Amino acid sequence: MNLHSLEIKAFVPAQDHARSIAFYHAIGFTLASNAGGVAYFRHGNCSFLLQDFHVAEHSANFMMHLLVASADDWYQHILDSGVVQSFGVRVDPPQDQPWGMRDFVLFDPTGVLWRIGHNLPRGSQP
């Protein structure tokens, strides 16, 4: 019996599928495929499925977490990408969290909240 898991991906909702595809492309995700209302995005070893599906209550409560090497570098990358201006999305500056991470929040065009952060060294939490 081989129970080796290979991957897990979330289905991220999109109110305007084409606009969300453009947003994720603008922040550096690679569009690996797009068919049947599902776009497959990758960045490094991370991936997710962007679905052409939107229920306001679901989207407003949907959250993703991206663990990165440097939250500060990613924050600057998001600012430099121009998505805040071109897509009208919200991004908050990085801060150290009591759960041992430095992260920031980014809302996509649908309102999906992304927490993008890195682990803090043990004992350095606020």
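Reader: Which residue follows H1, and is its phi positive or negative?

Author: This is a predicted model. Gly28 comes after H1, and its phi is positive, near 105°.

Reader: Within H1, which residues are buried?

Author: His17, Ser20, Ile21, Phe23 and Tyr24 are the buried residues of H1. Viewed along the axis of H1, they fall within an arc of 160°, so they line one face of the helix. Ala18 and His25, on the other side of H1, are exposed.

Reader: Now H3. Which of its residues are buried?

Author: In H3, residues 71–81, the buried ones are Ala71, Trp74, Tyr75 and Ile78. Their arc around the axis is only 105°, which puts them on the same side of H3. The face turned away from that buried side carries the exposed residues Asp73 and Asp80.

Reader: What do the buried residues of H3 pack against?

Author: Their packing partners are strand E3 (38–43), strand E5 (63–67), helix H4 (83–87), strand E7 (101–107) and strand E8 (113–119). The helix is followed by Gly82, whose phi is positive, near 80°.

Reader: How should I read strand pairing?

Author: Strands of a sheet pair through backbone hydrogen bonds, and the pairing is either parallel or antiparallel. Here, E5 and E8 run parallel and are joined by five bridges. Leu66 has Ile116 in E8 as its bridge partner, and Leu67 stands opposite Gly117 in E8.

Reader: In what sense do E7 and E8 pair, and over how many bridges?

Author: E7 and E8 pair in the antiparallel sense over seven bridges. One of the pairs is Leu106 with its bridge partner Trp114 in E8. The two strands form a hairpin with five residues between them, and Gly111 in the turn has a positive phi of about 105°.

Reader: How many of the residues of E8 are buried?

Author: Six of the seven residues of E8 are buried, so the strand is largely enclosed by the rest of the structure.

Reader: Which side chains of E5 point to the buried face, and which to the other?

Author: The side chains alternate along E5.

Reader: What is the strand order in the open sheet of four strands?

Author: The order is E1-E4-E3-E2, and the pairing is mixed. Strand E1 (11–13) and strand E2 (30–35) are the edge strands, each pairing on one side only. On average, neighbouring strands of this sheet are turned by 30° against each other, direction ignored. E1 and E4 pair in the parallel sense over three bridges, and Val12 stands opposite Leu50 in E4.

Reader: Which residues is Ser47 in contact with, leaving aside neighbours within four places in sequence?

Author: The contacts of Ser47 are Glu7, Lys9, Tyr40, Phe41 and Arg42. With Glu7 there is also a polar contact of 2.7 Å between the side chains.

Reader: How far apart are Ser47 and Asp72, in sequence and in space?

Author: Ser47 and Asp72 are 25 residues apart in sequence and 21 Å apart in space, C-alpha to C-alpha.

Reader: Which residues touch the most other members of the largest nonpolar core?

Author: Among its 28 residues, those are Tyr24, Phe48, Leu50, Phe104, Leu106 and Trp114. The elements giving two or more residues to this core are helix H1 (17–26), E3, E4, E5, H3, H4, E7 and E8. The largest share, four residues, comes from H3.

Reader: What does Phe104 touch, not counting residues up to four places away in sequence?

Author: Phe104 touches Ala71, Trp74, Tyr75 and Ile78, among others. These are the buried residues of H3. The list for Phe104 also includes Val91, Asp92, Pro93 and Pro94, as well as Trp114, Arg115 and Ile116.

Technical notes: Residues numbered from 1 in each chain as written. Predicted model: local features only at pLDDT ≥ 70, side-chain atom pairs only at ≥ 80, totals over all residues. Heavy atoms only, no water. Buried < 20%, exposed > 50% of the residue type's maximum accessible area, 1.4 Å probe, protein only. Arc of directions from axis to C-beta. Contact = heavy atoms within 4.5 Å. Polar contact = N/O pair within 3.5 Å; in protein donor to acceptor, adjacent residues only side chain to side chain. Pairing = 2+ DSSP bridges. Axes fitted to C-alpha atoms, helices over the stretch in contact; angles between N-to-C directions. Core = buried A, V, L, I, M, F, W, Y, C linked by side-chain atoms within 4.5 Å.
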